[in-house]
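Here are some notes for a colleague who is opening this structure for the first time. Please keep the sequence and the 3D view at hand while going through the points.

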Amino acid sequence: MSADRAAAATPVRRPWSRRRRALGGIAIAVLLLLVALAALAVVRYLPAVDEARALRDDLEAMVDRVQEAGFDIDRATVDALDADLRAARTRFDHLEDLVAHDPLVALARVLPPTAANVEGADRLVEAGGHLLDAVGEGLAIGRDFVEVRETAGPDAGADSALARLVGLMVRSRDGAASAAGSIAEARRALAATPGGLIGPLASMRDAMTTRVERYAPLLDTYLAASERVPSILGWDGPRRYLILTQDPAELRPTGGFIGSYGTISFDHGAITDHRFQDVTVLDVPWDYPRIEPPQELSDYLLGPRQPWQFADANWSPDFPTSARDALRLYTNESGDDAIDGVFAITTYTIDELLKATGPVDVPDYDATISSGDTTLKVLQLTRSAPPGEDRKAFLSAFADRLFTALFTLPPDSWGELLASADRMRDSRLLLAWFADPADQAFAVEAGVDGAVRQDPGDYLFPVEANVTPATKLSAWTSRSLDLEVRLDDVGNARSTLDVTWTNEVETPAGATFRAMDNVGGRILGMYFRLLVPDRSRVEEVTGGTLAPVTGPAVVAEEAGRLVIGTYLKIPAGSTALRCVWTSPYAADVEAGVGVYRLTIQRQPGTLAGPIRVTIRVPDGARITAASAELRVDGATATLETELDSDIVVGLQYGP
């Protein structure tokens, strides 16, 4: 009976078995077809990947050629780059057509095995198009620059090169804005690429992203400059500026004693007038309305009778404050208020400019000024003069020769001038303040505003002022700094700063000082200010040699910082000062993990001296991450360097 039932059941099951086999076969066939089509699409798309890789290589080669040429770029190079751009555009058009219209590429775009990679390739092609547009705009600007470069030189006139470069910035503004827009679109396309791309596509995305992130800020900087520099140089109407020529041998907070000053006028990028003269012409006699000086300036330099005068205007270490004070005092003494801004330079600034121009001859004084000896030679040539003559007249004659040398620089020296500008910014050798808020915002962005920094975290700004007995000894006095910071569990920072000055007046190096007239005695009068975070608690100020220092002379607030002020005399040899204070919550601490950031600001006009920084995290913690400049050993980080520019370092610590 069971056998019959089994026999009868067999024919019922066979059709289902055959159907399953048929469906399975169809599924396998469809899968094989899909795989075959995907493989075919990939094979068809691989040339597109190779084409994209070649296009990327073309773009990178063009950028490298421009970077290598720099300011020496010539017409032949621009013509060759134009040809390369046309070839790259032809390659791109072919690639774009393939991606947009090839049926197998369209199939690969919807098939699951290839969809993400095709989408990524689409975004790369889109980014490549935008980058080509940016390169095209850049080459147009480059061709215009070459025309300016070819017509520049000694026979072109003292101001023509500057005026033509300013004109180029104006003409190129729209092109630079378009290029910046193209770069932004390329950045967005690259950011939209999906993850998990195959190797070649991921490599292209990463390489293109690296290039964009490297060069986009440079383009943004040029765009910002093209929007403000022409206006600053009188393109939209004449501009006139007050120039503070500061002597770092007699150090003051923004760079040095204002022994002389000048005015300079611009119209459409050309210098239309410039004059420099001794500040004494304005300051003496005191027949102008009296302005009371800051108390510390009165106490340690001017005395109770002398008014605040233009020569001593730069008492604040915050340059925007000192610039406004300088303009107020200048107008008070001269009656001249037609000033659009204030620039401050020092003899070290001139040293930097002379690296680009080479030595400058001043025939009327039988003098040649070379980079590195400006401070000494200017001192020697301005210490004395026959009765009735301006002892600072040399400065005006020298300025005439220097301006001529600067504005007739051959194009192959423009790169060195730009490098000098970078060094001047980093070392705070050129400071600028503008009455126009938009121009001032540009000065801040360019890093030449000279303001007291307001960075978050811990902060230190040592500021020196040469006061009574006033001398020119700052140029013969070196300084070293040793800072130790100890962090506690809640992020407070207890800091100890040891400052050591070495007055070299009696050494062989001081022989030139001893041989000059009217440079003061052999003791440096110093009013030393330490700017630290607001609400810090001062614990100790000790040191000195001739007269022991047992505490601060002044503790006050200035420019958003706490100021610890101390007066001391520095005779020949070494003099030390120790300051100890605690800054509240200098580190951010959360759940036992702390982040500490320290900013040390460099004073303009100071000699670059050694600085050692030691940072110790709380007991039981260790440093888990730190700035590359810091050397880490468990719970301690150290830095040994020269304070020749601002220092910003940070670290993270935890259990």
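Is Arg535 buried or exposed? The first point takes this up, and throughout it should be kept in mind that the model is a predicted one.

1. Arg535 is exposed, because its relative accessible area is 60%, and the cut-off for that word is over 50%. The residue sits in the loop between strand S11 (524-532) and strand S12 (537-543), and its phi is near 70 degrees, which is a positive value in a residue other than glycine.

2. Val284 and Pro285 are joined by a cis peptide bond with omega at about 0 degrees, and Pro285 belongs to the loop between helix H8 (280-283) and helix H9 (295-302). The bond from Thr468 to Pro469 is likewise cis, with omega near -5 degrees, and Pro469 is found in the loop between strand S8 (458-466) and strand S9 (477-487).

3. Helix H9 can be followed onward from the loop that holds Pro285. The buried residues of H9 are Leu297, Ser298, Tyr300 and Leu302, and these buried residues pack against S11 and S14. Just after the helix comes Gly303, which takes a positive phi of about 85 degrees.

4. The next element to trace is an open sheet of five strands, which has mixed pairing and runs in the order S3-S2-S1-S4-S7. Strand S3 (270-278) and strand S7 (430-434) stand at the edges with a single partner strand each, so one side of each has no neighbour in the sheet. On average, and with direction ignored, neighbouring strands of this sheet are turned by 20 degrees against each other.

5. Within that sheet, strand S2 (residues 257-267) pairs with S3 in the antiparallel sense over eight bridges, and Tyr261 stands opposite Gln277 in S3. Helix H11 (residues 347-357) packs on the sheet, where the helix touches strand S1 (239-247) and strand S4 (341-346), and the direction of H11 makes about 80 degrees with that of S4.

6. A pair of helices, H4 (residues 115-151) and H7 (residues 199-232), packs at an angle of about 30 degrees, with the axes 11 Å apart. That angle makes H4 roughly parallel to H7, because the term covers angles under 35 degrees, and H4 passes H7 in a left-handed crossing. On the side of H4 the contact is made by Asn117, Ala121, Leu124, Ala127, Gly128, Leu131 and Ile141, while H7 contributes Leu201, Met204, Arg205, Met208, Val212 and Tyr222.

7. Thr606 is buried, because its relative accessible area is 7%, and buried stands for values under 20%. A polar atom of the Thr606 side chain lies 2.7 Å from the backbone oxygen of Gln603.

Notes:
Residues are numbered from 1 along each chain as its sequence is written. Side-chain values use heavy atoms; hydrogens and water are left out. Helices (H or I, at least four residues) and strands (E, at least two) are DSSP runs, numbered from the N terminus. Buried means under 20% relative accessible area, exposed over 50%, partly exposed in between (1.4 Å probe, protein chains only). Two strands pair if DSSP finds at least two bridges between them. Axes are lines fitted to C-alpha atoms, for helices over the stretch in contact, and angles run from 0 to 180 degrees between N-to-C directions. Contact means heavy atoms within 4.5 Å. A polar contact is a pair of N or O atoms within 3.5 Å; within protein, one must be able to donate a hydrogen and the other to accept it, and residues adjacent in sequence count only if both atoms are side-chain atoms. Angles under 35 degrees count as roughly parallel, over 145 as roughly antiparallel, 65 to 115 as roughly perpendicular and the rest as oblique. A crossing is left-handed if the near helix is turned anticlockwise from the far one by less than a right angle, and right-handed if clockwise.
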